[in-house]
Amino acid sequence: MLGPWDTIALVLNAASFVAVFQASGVAFFIAAFFGAVPESGWRIRRLGARAAALGIGLVVLRVLLEPAHLAGAAAGLSDAALHRLVMASDLGTATMLRLAGLVTIVLALGRSTHASATVAVVGAVLACLSFGLTGHTATSPLRPVLLPLLGLHLMLAAFWFGSLWPLGTILRHETAATAARILDDYSRKATFLVPLIAVAGIAMALALADPPSALPGSGWGRILLVKLALFGALMLLAAANKLRLVPRLRRGDAGAASALRASIAAEMALIVLVFMATAILTGLFSPPGEDAIAGWAAGCLTADDQLARAAFTISRIVVRSTAPGTSLPPMMNAGVPPICSVCANAALRSICALI
Ligand code: HEM
């Protein structure tokens with residue numbers, strides 16, 4: 001049963017995906033179309049800086065509330081040792097890298113030079129790669145293969161999602177000729193790049209699942225199917241834009257710009273659904289083959305084993321922060337329910353004594 005703090009963690013994860021990938025996507029878009037949008041360039045940079053600022057707030061809130069998520073109660077918020085452990089964990093390290101990326105984007109998008117556009121791209125790459133420090137790709141023995149796949153998956157997803165709002169802004173503020181030229185150019189790039197998101201995603205799924213044949217029967221596999229179905233729907237929308245609406249815009253048809261803006265808004269809404277599915281995928285489920293340990297943990301969840309589970313769950317953070325590269329299954333991602341803060345504290349104190 002999902003507890004309130006699990007739900008809060010999920011919602012914050014999904015919301016921070018939207019803000020982080022909007023900001024990173026604007027950085028990639030500005031670099032790809034630098035100087036090509038005279039009327040809307042500053043509006044697009046402002047959107048990116050605002051999304052990055054929102055992302056900073058959400059990411060900080062997420063890590064500040066993690067002790068309550070771990071303890072399964074608000075009491076965790078006042079537990080300095082739990083905060084220390086969270087900051088010492090992969091989530092702590094990933095948060096620092098993500099914040100570094102987002103702050104770089106905020107500062108760089110304040111200016112409109114080639115150099116600042118390049119710096120913004122560096123910030124976006126840092127923010128995207130920070131996801132490689134958490135999630136199932138981070139705990140897999142195939143990490144050297146999965147990290148570049150995840151990086152490609154996320155940077156392309158950021159370019160796709162993050163470009164949509166700017167395209168709507170261009171349709172609103174640039175001439176029809178300029179808008180048609182930009183949308184043509186964007187759609188040429190996206191036709192080649194966007195399918196690679198699914199290729200990288202499917203490759204990661206097959207690498208993470210053990211065996212891959214267990215995918216369809218697992219909760220993780222079913223959420224992936226939802227992502228794939230949403231991706232399919234998005235491909236249809238994108239094809240309609242490319243084959244019908246952009247040619248109408250090029251011909252100067254009345255109503256083409258507003259039809260395109262509506263279609264772009266629908267694309268954005270579908271990708272937000274993909275982000276929500278992804279937050280559930282990485283927050284509540286594990287790839288097949290990782291569940292064995294979760295089953296073990298669940299098997300021993302009697303009242304007396306509360307401390308054992310607390311020690312195991314928290315020791316996972318401690319071990320990984322003291323021995324980088326140790327891959328232990330993400331019990332927390334397997335939806336192991338939180339425990340009372342008293343038990344967590346007792347386990348915590350015994351673990352802290354080890355550090
Ligand atoms: C609009 C399209 C998509 C977007 C925006 C998207 C976004 C994301 C994000 C943000 C993550 C990182 C989650 C994290 O580490 O916390 C992720 C991971 C992943 N995505 Fe996608 N994705 C998309 C499509 C797909 C598709 C079509 C597949 C293939 C079935 C896929 C498979 C995966 C897998 C396997 C992971 C790793 C999950 C894990 O670590 O448990 N994605 N995706």
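Helix α11 supplies the largest share of the shell around the ligand, 6 residues. The structure is a predicted model. In total, 26 residues surround the ligand. Elsewhere in the model there are 9 aromatic pairs, and helix α3 spans residues 80–88.

**Ligand surroundings**

- The closest residues to the ligand are His136, His153, Leu154, Trp220 and Lys227.
- The shell around the ligand is made up of 19 nonpolar residues, 6 polar ones and 1 charged one.
- In the side chain of His136, an N or O atom lies 2.4 Å from an oxygen atom of the ligand.
- Trp220 has a side-chain N or O atom 3.2 Å from an oxygen atom of the ligand.
- Two or more residues of the shell come from each of these elements: α1 (4–32), α6 (136–139), α7 (143–173), α9 (195–208), α10 (219–251) and α11 (256–284).

**Aromatic residues**

- The count of aromatic pairs is 9, and one of them is the stacked pair of Phe21 and Phe275, with 5.5 Å centre to centre and 10° between the planes.
- This pair joins distant parts of the chain, since Phe21 belongs to helix α1 and Phe275 to helix α11, 254 residues apart.
- Both partners are buried: Phe21 has a relative accessible area of 2%, and Phe275 has one of 7%.
- Phe29 and Phe33 make a tilted pair, with 4.6 Å centre to centre and 35° between the planes.
- Phe29 is buried at a relative accessible area of 1%, and Phe33 counts as buried at 4%.
- One aromatic cluster consists of Phe17, Phe21, Phe131, Phe161 and Phe275.
- Phe131, a member of that cluster, has Arg98 over its face, 3.7 Å from the ring centre.

**Helix α3**

- Four residues of helix α3 are buried, namely Ala81, Leu82, Leu85 and Val86.
- These residues lie on the same side of α3 because they cover an arc of only 140° around the axis.
- The N-terminal end of α3 is capped by Asp79, which has a side-chain oxygen 3.1 Å from the backbone nitrogen of Ala81.

Methods:
Residues are numbered from 1 along each chain as its sequence is written. This is a predicted model: local features need pLDDT of at least 70, side-chain atom pairs count only at pLDDT 80 or more; totals for chains, interfaces and linings use all residues. Side-chain values use heavy atoms; hydrogens and water are left out. Buried means under 20% relative accessible area, exposed over 50%, partly exposed in between (1.4 Å probe, protein chains only). The arc is that of the directions from the helix axis to the C-beta atoms. A polar contact is a pair of N or O atoms within 3.5 Å; within protein, one must be able to donate a hydrogen and the other to accept it, and residues adjacent in sequence count only if both atoms are side-chain atoms. A residue is near a molecule or strand if one of its heavy atoms lies within 4 Å of it. Ala, Val, Leu, Ile, Met, Phe, Trp, Tyr, Cys and Pro count as nonpolar, Asp, Glu, Lys and Arg as charged, and the others, Gly among them, as polar. Rings of Phe, Tyr and Trp (its six-membered ring) pair if their centres lie within 6.5 Å; planes under 30 degrees apart count as stacked, over 60 as edge-to-face and the rest as tilted. A charge sits over a ring if NZ of Lys or CZ of Arg is within 6 Å of the ring centre and within 35 degrees of the ring normal.
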